[in-house]
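Subject: Structure handover and notes

Hello,

My notes on it follow below.

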Amino acid sequence: MSYKRRVIDLFGLNKKRSKLGKWIDRNGFTQEDLIEESKVSRNTISKACSDPDYVPTGTTMKKILKAVRKVDPSAKSTDFWDI
C-alpha cells in the first residue's frame, strides 16, 4: 500500500459520509461532540453521519438539530435529510 493511500485511510478521507457527516467534517465538530451535545446514542450518530439514506425519527432529528444549531443557528433539517 502506498504512503498516500495509508494517509487517506488514516484520516478517513475515503469513508462514506452523509450530509450531516460532511457538515461535521467542514465545521470542526466531531461525532463525539454531537453525541455529547445531543444526548443521542453513539450508534445512531454514527449511522446519521455515515449513511446518506438514513433518516432519524422526529425526536432524534430534533435533538441532533438542537446540537448543530449551537454551531450553525441557521441549520435546517432539510440541510441534512431528504424529508
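This is a predicted model: local features need pLDDT of at least 70, side-chain atom pairs count only at pLDDT 80 or more, and totals for chains, interfaces and linings use all residues. Residues are numbered from 1 along each chain as its sequence is written, and side-chain values use heavy atoms, with hydrogens and water left out.

**Overview**

The protein has 5 helices and 0 strands. Helices (H or I, at least four residues) and strands (E, at least two) are DSSP runs, numbered from the N terminus. Along the sequence the pattern reads α-α-α-α-α. The protein has 83 residues, and 33% of them count as buried. Buried means under 20% relative accessible area, exposed over 50%, and partly exposed in between (1.4 Å probe, protein chains only). Take the contacts between residues at least 6 apart in sequence: 51% of them join residues at least 24 apart. Contact means heavy atoms within 4.5 Å.

**Helix α2**

α2 covers residues 19-27, and its buried residues are Leu-20, Gly-21, Trp-23 and Ile-24. Viewed down the axis of α2, these buried residues fall within an arc of 160 degrees, so they line one face of the helix. The arc is that of the directions from the helix axis to the C-beta atoms. As background, an α-helix has 3.6 residues a turn, so residues three or four places apart point the same way.

Gly-21 lies in α2 and is buried, with a relative accessible area of 0%. Lys-19 counts as partly exposed, at 40% relative accessibility. Leaving out residues up to four places away in sequence, Lys-19 touches Asp-79, Phe-80 and Asp-82. From Lys-19 to Asp-53 the C-alpha distance is 9.8 Å, across 34 residues of sequence.

After α2 comes Gly-28, with a positive phi near 70 degrees.

**Helix α3**

Which residues of α3 are buried? They are Leu-34, Ile-35 and Ser-38. Seen down the axis of α3, they fall within an arc of 100 degrees, so they line one face of the helix. These buried residues pack against α2, α4 and α5.

Just after α3 comes Lys-39, with a positive phi of about 65 degrees. Lys-39 is a residue other than glycine. Most residues other than glycine have a negative phi. Lys-39 sits in the loop between α3 and α4. At 65% relative accessibility, Lys-39 counts as exposed.

Two packed helices are described by the angle between their axes and the distance between the axes. Here axes are lines fitted to C-alpha atoms, for helices over the stretch in contact, and angles run from 0 to 180 degrees between N-to-C directions. Angles under 35 degrees count as roughly parallel, over 145 as roughly antiparallel, 65 to 115 as roughly perpendicular and the rest as oblique. A crossing is left-handed if the near helix is turned anticlockwise from the far one by less than a right angle, and right-handed if clockwise.

*α3 with α4.* The angle is about 130 degrees, and the axes are 10 Å apart. α3 and α4 are therefore oblique to each other. Their crossing is right-handed. On α3, the contact uses Gln-31, Glu-32, Leu-34, Ile-35 and Ser-38; on α4, it uses Arg-42, Ile-45, Ser-46 and Cys-49. By class, these are 4 nonpolar, 3 polar and 2 charged. Ala, Val, Leu, Ile, Met, Phe, Trp, Tyr, Cys and Pro count as nonpolar, Asp, Glu, Lys and Arg as charged, and the others, Gly among them, as polar.

*α3 with α5.* The axes come within 9 Å and cross at roughly 115 degrees. α3 and α5 are therefore roughly perpendicular to each other. This crossing is right-handed. Leu-34, Glu-37 and Ser-38 of α3 meet Lys-63, Ile-64, Ala-67 and Val-68 of α5. The contact has 4 nonpolar, 1 polar and 2 charged residues.

Best regards
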